[in-house]
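Visitor: Please take me through one part of this model in close detail. I would like the surroundings of a single ligand.

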Amino acid sequence: MQTTQNVNQWFKAAKVEDFPKNGGACVKYKDQQIAVFNFSRRGEWYACQNMCPHKKEMALARGMIGESENEPKVACPFHKKAFSLQSGENINGEEEAVTTYPVKVEDGYVYIGLS
Amino acid sequence: MTSNTVSDSQKKHIVIVGNGMVGYKFCEKLLKKNDKGDFRITIFGEETRPAYDRVHLSAYFEDSSEEDLQLAPIEWYKENGIELHTGELITELDRDNQTVTSQKGRTVSYDKLILATGSSAFVPPIPGVEKKGVFVYRTIEDLDAITNYAKKASKAAVIGGGLLGLEAAKSAMDLGLETSVIEFAPRLMPRQLDEIGAQALKSALEDFNLEILLNKNTKQIAGNGTPEYLDFADGERLDADMVIISAGIRPRDELAKKADLEVGERGGIVVNDRMETNDPNIFAIGESALHRGMIYGLVAPGYEMADVVVENLTGGDEEFTEFDMSTKLKLVGVDVASFGDAFGETEENSKKVIIDNKAKGVYKRINISEDGKRLLGGMLVGDADDYNMLLQIAKNGFSLPPDPIDLIIGERDGETGAGQKVYDFPDDSIICSCESVTKGEICSLIEEEGMEDIDSIKGCTKAGTGCSGCVPMLDDLITQSMKARGKEVRKVICEHFDYTRQELYDLIKVKEIHTYDELLDEHGTGNGCEKCKPAVASLLASAFNEHVLKDRDTIQDTNDRFLANIQRGGTYSVIPRVPGGEITPDKLITIGQLAKKYGLYTKITGGQRINMMGARVDQLPNIWEELIEAGFESGHAYGKALRTVKSCVGSTWCRYGLHESVSFAIEIEERYRGLRAPHKLKGGVSGCVRECAEAQAKDFGIIATEEGWNLFVCGNGGTNPQHARLLATDLDEETLIKYLDRFLMFYIKTAEHLNRTSTWLNKMDGGLDYLKKVVVEDSLGIGEELEQEMQQLINVYACEWTEVVNDPELRKRFTHFVNSEDADPSLKFKDYREQKVPAPAGWEKDSK
Ligand code: SRM
Ligand SMILES: Cc1cc2nc3c(=O)[nH]c(=O)nc-3n(C[C@H](O)[C@H](O)[C@H](O)COP(=O)(O)OP(=O)(O)OC[C@H]3O[C@@H](n4cnc5c(N)ncnc54)[C@H](O)[C@@H]3O)c2cc1C
Ligand code: SF4
Ligand code: FES
């Protein structure tokens, strides 16, 4: 869930300009891969697991972002399963939801909230 | 989830024997009616996997994924509170105590028992059927065994020329075996086709290199342990080292028989119209049920039976009476359909109307009532596009055109024959026969719920999810119902742009809009999605041919975003352009050395060039840097763009060649390289009519004649192969290029996103004649404009990989992580025939 309440640690990922506008990039945190999205048209940042639950591809960061009826989503580059960037839920199918993470931007850096 | 209004012990226990297609469907239907939680459901299946789609079993050969065939994953049963036991054969049925027992010794008691045991393949008692290398064709296991055995076999014989036999033959052919079908009767599919129809099917199948032997009674399958040849009663002999038997089905009634339920003389569990056996607590459905003396070997009647039982268990009173056995199939590559009274034998003096077009391999027959007012039924071979329409006309008793042959003349350029519109059908006519969805239900979703796309209708009604034969009718219903309400029917791109592709193209050109954001701000709403972004990206590229990554990398489809095709595991492929398929030894050496250096897998593609696969995203710019240094450029294998212009060797070498096809192919490929279009574009140039470049299977094909070149357009291979059509003949090279410029530009400007040229032409009012007028006669007076627009695109062409390689900012994006130089640690490879292929964790099980 995207709440900042149970964040124990803010991981400093990279500079804002390292992320493409209206697109994503993958962040390495220990053994984890986290997809971070700079949804600049909405002025919002999102993060979720990089692995797509469909065929377990490490791919979501390379997916295309967009919205359906105002809900921000990312479509996996492999077979276009789309996941809500808010709830993590699979919008156009029955895949498991992905884990989402809170994101904050401070002094030009992007941080991912980990619990 | 079920609510807890009924305690577990009060719940009726429904036990189903057989987790096949119908057993599964029964669960699905019962769940829908089980909101009060009156029932507890247990299902036993003998097979080790949960129910799968047997109808599309052959597809298993093609993409070898069990998952795609599964009707529902194991979790589905769990989530819905269904107790599923796979790999458990029920061997005992004790009717007095109302229990069943499995071979593992598990006993459960039931309130109501459903027998959905299906059938097994019938194996005639021919000597030799017990040999290793003799198979039946019914389960995934059968297919696995066949696939394995086929590796060491070379010639297959399929015994049985019915529907399943032909399907098995197709699979044997796909496995690379020379294949013969052996039929006992004097013709193929005797129950569905008449003599001429069967003959038409036979010649069409022979064109696919399938041998058909009729009137053949197999005496023995001979060989030492495994098959070597077959002997027939007429003394002839056929070599075959693999045999598939498909001689009919046998209902699985052994459990019923053992428990003294009434079974038919030739098999099948006898049921009444309520699908009850002679024990009122036991029902039989699907292929194991014998209803009014009939076993239904199709899935749709089985679903209907499931429905009847569910109704009857939940307080309703339903009867299964008769079922329409109309079907449409694709056998080996030939459409075959039969519907209603196919042989015209239900009414006296019925008349038949026949088209027997041997040149095209098409046979159509319809049977008309004596007064010429009603369509009774018919059969179609070679072209079954009219099937759904005809079926509806027959079922609903619609009036016929004055000359009924108009019903089957089919599509002439620009006009359709059938004349009847789905929209005029009565509301209760069935549109989707697999899921019994009526026109009324669909129209009310469109009209009252405002559903205007096929996917939502599929989701709501399941229509179109079975054999998908009705999908074109769904599309027509949406279009026509919207038109009827005065709603303009425009194929708008998505919720963010209320414009068609063509309108957006015009806006972009006229207002000179160069970025997606600008277009969205000025002419759209919201923040875009994965539908409009790549569509607009493609439009921008077609309009100005600017670099696809500069300021627009994140609106590109994934392959365009990294200028390479993404593959399983997340690596990419590298395909440099090899115009016309001509390549120097030095360039071959470069490719070999590069592939070795980066550990890439190499393969010759179907497009006459070389693919290097398995490159990591961070390696792509380095690989391309070296390729470009050696004189290569991007092949656009990743883009909706011009791919290849294939060529044959032509008059330089070939003794039949009329002109230099290689030079011409190279000239054309270089002219249009990098051209982005609504879908990918492919071309071919052949030096004579022998057509070794397969130009007639391309979006544009050029074939040498004594006088010059013939130009064909709008062909493709792929999902729905279509031959290219002749646009103009005996052209000189200059005129040909002029026509090509016009043709391609006209396509780019007017086609919908992701429509190949063939689809575009199929939808075009006026068809080929119209296209000829526009391109050859310049009837719209836009010829020169189209040529100029094309010339502008050609003038600004630049290799997009060269630009990336030379631009540090663009190069930066080619990394897996933003905060680390590391490569994706989840990438794994394994050795495979002296090369390396991906072996990521996620798909191990289906990558065998
Ligand atoms: C590499 C290659 C197979 C091979 O090893 O031979 C290939 C590979 C792919 N084809 Fe193909 N096609 C290849 C020749 C063909 C051909 C044969 C030909 O061009 O003569 C066809 C049928 C001819 C035609 O297109 O009319 C073909 C019909 C398709 C289709 C179906 C198109 C259709 O209109 O139905 C798709 C799907 C699509 O484009 O939407 C497709 C899509 C694909 C994709 C891009 C699927 C994807 O998105 O990942 C595959 C990419 C693999 C990769 O990672 O590179 N490929 N594909 C061939 C590359 C040719 C080249 O040099 O560029
Ligand atoms: C290759 C192929 C192509 C086909 N193509 C078409 C087509 O195009 N159109 C069409 O309409 N139909 C087609 N069919 C027919 C269609 O698949 C069947 O009509 C349908 O599967 C019947 O469903 P069912 O549930 O009655 O039987 P099945 O799907 O056979 O399921 C019965 C299940 O019960 C299990 N079982 C049997 N006895 C027991 C027991 N005692 N205990 C536990 N489990 C038991 C069996 O192992 C089996 O898994 C095709 C069939 C095949 C093989
Ligand atoms: S290469 Fe083409 S035919 Fe082969 S699996 Fe991929 S898309 Fe299908
Ligand atoms: S792997 Fe992501 S959609 Fe298939």
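Guide: What follows is a look at the shell around ligand 2. This is a predicted model, in which local features need pLDDT of at least 70, side-chain atom pairs count only at pLDDT 80 or more, and totals for chains, interfaces and linings use all residues. Residues are numbered from 1 along each chain as its sequence is written, chains are lettered from A and ligands numbered from 1 in the order in which they are written, and side-chain values use heavy atoms, with hydrogens and water left out.

Ligand 2 is surrounded by 30 residues (a residue counts if one of its heavy atoms lies within 4 Å). Among the closest are B:Arg138, B:Glu287 and B:Val299. B:Val22 and B:Glu47 also belong to that closest group.

Now the polar contacts (pairs of N or O atoms within 3.5 Å). A polar side-chain atom of B:Glu47 lies 2.6 Å from a ligand 2 oxygen. B:Val22 uses a backbone N or O atom, 2.8 Å from an oxygen of ligand 2. B:Met21 also places a backbone N or O atom by a ligand oxygen, at 3.3 Å. On its own, ligand 2 has 1,000 Å² of accessible area (Shrake-Rupley method, 1.4 Å probe), and the protein covers 95% of it.

Where does the shell come from? In chain B, helices H1 (21–32) and H6 (163–174) each supply at least two residues (helices are DSSP runs of H or I, at least four residues). H1(B) gives the largest share, 3 residues. Domain 1 (12–120 + 251–313) and domain 2 (123–247) of chain B each contribute at least three; the bounds come from an automatic or database domain assignment.

By class, the shell holds 13 nonpolar, 9 polar and 8 charged residues. Here Asp, Glu, Lys and Arg count as charged, and Ala, Val, Leu, Ile, Met, Phe, Trp, Tyr, Cys and Pro as nonpolar; the others, Gly among them, are polar.

How values were computed
Polar contact = N/O pair within 3.5 Å; in protein donor to acceptor, adjacent residues only side chain to side chain.
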